[in-house]
Amino acid sequence: MIPPDLRTWAEIDLSAIRHNVRVVREKIGAQPGILAVVKADAYGHGLSKVAAALADQVELFGVTNVEEARGLADLGRDVLLLSPSLPAERREVIERRGIATVSSAAEAAEFAGGRINFKVDTGMGRIGCWQDQAVEELRAMGHLKNVELHSISTHLPSADEDEADTLTQLSRFAELAAVFRQLAPSAKIHVLNSAGILRFSDHAHDLVRPGLMLYGSAYPAEFQSALRPALTWKARVVLVREVGPGRSVSYGRTFTTTRPSRIASIAVGYADGFPRQASSRGAEVLIGGHRCPVLGRVTMDQILVDVTAAPEIETGEEAVLIGRQDREEIFARDLAEQAGTISWDIFTGIKGRVKKISP
Ligand SMILES: *Cc1c(COP(=O)(O)O)cnc(C)c1O
């Protein structure tokens, strides 16, 4: 039972996450390893519980930095740091046997006694060694004593958006990978993020790096039905009011009633991560099995929804902001689109006032 005094909370279904890992496995087949990306508190789903639930299904975990890696110390899995490490973080990375992502032989030399992932930039344009110099740089790395080359990787900037461009990028990287194999036969090669796994699974190489799809949100949307959303975000109705026609609702008075209305205040706002940008963009919440439109602007601590069509709704009732209720479902991507953003941003934007519950 959810305590009746909880105002807003997220229910995390760990069995859905385990299901989504099995979808990854079906896509890539038996051979490649799975590096579960659990950065940013497992995309807002709660690092320790998610990682513990996944540990027996995956070979490695991926996090952003060494601070996040601390939370995984007891699970007995390798941890790869997806972002560059600060000079001040390097000692702890080495001591923890973390796998540091490096962009050059010079950076690799800073990890003496440790392990590295050599990142190649094939078009992401963020970190890594530009592809034309990658073979030369890898040769230079081969001369380093006492640095273990765990893996070689690249990242796809538009796997969910641009098929032709991604295929060109993947085939160019495959040519490079053949050379890498000669130079560093034991290094694991990896490329695919979630959209890559869903669309280009024959490019799995040795490891894949699913993030978002583990949590059950699919880009492109055509793959949504294969995945189970793990997060249901709820908030309670804190007040219901009857108002007449011609009454403005919320800050800026951007919405005015045109008929006698029942308007519910829901105990969630942008201070909880409900995006203010979704104001007046067609967002809805589910209450008592009804889709109820969000009216006017999202405020810091409350949103206002039209419950005129649902006269039975009372204070204390649960509203679903993301997730399923009876036959209706709101996907993270729906709220993201109304806010002009993406599911990754919605999940990681859910704030500390929202208690996480994994039944
Ligand atoms: C975050 C991240 C991923 C996971 O991406 P999704 O699109 O969430 O699957 C994979 N690789 C790298 C390098 C990342 O930073």
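**Figure 1. The ligand sits in the largest pocket.** The model is a predicted one, in which local features need pLDDT of at least 70 and side-chain atom pairs count only at pLDDT 80 or more, while totals for chains, interfaces and linings use all residues. Residues are numbered from 1 along each chain as its sequence is written, and side-chain values use heavy atoms, with hydrogens and water left out. A pocket is found on a 1 Å grid over the protein atoms alone, as an open set of points with protein on both sides within 12 Å along at least five of seven lines. A molecule sits in a pocket if more than half of its atoms lie within 2 Å of the pocket's grid points.

**Figure 2. The shell around the ligand has 14 residues.** The closest of them are K39, Y43, S194, R209 and L212. By class, the shell has 6 nonpolar, 4 polar and 4 charged residues. Ala, Val, Leu, Ile, Met, Phe, Trp, Tyr, Cys and Pro count as nonpolar, Asp, Glu, Lys and Arg as charged, and the others, Gly among them, as polar.

**Figure 3. The lining of the largest pocket comprises 35 residues.** Lining residues have an atom within 4 Å of a grid point. K39, R126, H155, N193 and W344 lie nearest the pocket's centre. The pocket holds about 690 Å³ of space, a volume being the space filled by probe spheres set on the points. Its lining divides into 17 nonpolar, 12 polar and 6 charged residues. At least two lining residues come from each of α2 (39-44), β6 (115-121), α9 (194-199) and α11 (343-349). Helix α2 gives the largest share, 3 residues. Helices (H or I, at least four residues) and strands (E, at least two) are DSSP runs, numbered from the N terminus.

**Figure 4. The whole structure has 1 cavity of 30 Å³ or more.** A cavity is a set of grid points where a 1.4 Å probe fits but cannot get out. The largest cavity holds about 50 Å³ of space. Residues lining this cavity include K119, D121, R126 and H155.

**Figure 5. The peptide bond from Y219 to P220 is cis.** Its omega is near -5°. P220 lies in the loop between β10 (207-208) and β11 (231-243).

Conventions:
A residue is near a molecule or strand if one of its heavy atoms lies within 4 Å of it.
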